[in-house]
Amino acid sequence: MLPLVLSLCVLAALALITGAVVLWRRTGNRRNALLMIVLAAIALLNVAIWTVPDGSGDAPLGKLERGAR
């Protein structure tokens, strides 16, 4: 279930980035576009926290999946 949530989070971040570019070009509203970019960066950072391996080579997502089996 967690891989599905992480995938949706990445797709939402891509949609936010696309929406921010469209918003900025159409209306010139930089503040809201910047806030959307910040939100997308936070979402991608959360995905990275779960998927990027640490110094020992184990990702938190992998540890969680091994513990569930």
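The structure is a predicted model in which local features need pLDDT of at least 70 and side-chain atom pairs count only at pLDDT 80 or more, whereas totals for chains, interfaces and linings use all residues. Residues are numbered from 1 along each chain as its sequence is written, and side-chain values use heavy atoms, with hydrogens and water left out.

The chain contains 3 helices and 0 strands, where helices (H or I, at least four residues) and strands (E, at least two) are DSSP runs numbered from the N terminus. In sequence order the pattern is α-α-α. The radius of gyration is 16 Å, well over the 11 Å that the globule rule gives for 69 residues, so the chain is more spread out than a compact globule. This radius is taken over C-alpha atoms, and the globule rule is 2.2 Å times the number of residues to the power 0.38. Along the principal axes, the C-alpha atoms fill a box of roughly 50 × 25 × 10 Å. Of the 69 residues, 14% are buried; buried means under 20% relative accessible area, exposed means over 50%, and partly exposed lies in between (1.4 Å probe, protein chains only). Among contacts (heavy atoms within 4.5 Å) between residues at least 6 apart in sequence, 38% join residues at least 24 apart.

Helix α1 (residues 2-27) and helix α2 (residues 30-51) have axes that come within 8 Å and cross at roughly 160°. The pair is therefore roughly antiparallel. Axes are lines fitted to C-alpha atoms, for helices over the stretch in contact, and angles run from 0 to 180 degrees between N-to-C directions. Angles under 35 degrees count as roughly parallel, over 145 as roughly antiparallel, 65 to 115 as roughly perpendicular and the rest as oblique. The crossing of α1 and α2 is left-handed, a term used if the near helix is turned anticlockwise from the far one by less than a right angle, with clockwise giving right-handed. Residues of α1 that make the contact include Leu2, Leu6, Cys9, Ile17 and Trp24, while those of α2 include Arg30, Met36, Ile37, Leu44 and Trp50. By class, the contact has 19 nonpolar, 3 polar and 1 charged residues. Here Ala, Val, Leu, Ile, Met, Phe, Trp, Tyr, Cys and Pro count as nonpolar, Asp, Glu, Lys and Arg as charged, and the others, Gly among them, as polar.

Within helix α2, Ile37 has 35% relative accessibility and therefore counts as partly exposed. Leaving aside neighbours within four places in sequence, Ile37 is in contact with Ile17 and Ala20. Ile37 and Ala13 are 24 residues apart along the chain, with their C-alpha atoms separated by 8.3 Å. Arg31 also lies in helix α2 and, at 63% relative accessibility, counts as exposed.

Pro3 is placed in α1 and counts as partly exposed at 37% relative accessibility. Pro3 and Leu61 are 58 residues apart in sequence, yet 8.3 Å apart in space, C-alpha to C-alpha. Leu4, found in α1, counts as partly exposed at 47% relative accessibility. Leu4 and Arg30 are 26 residues apart in sequence and 32 Å apart in space, C-alpha to C-alpha.
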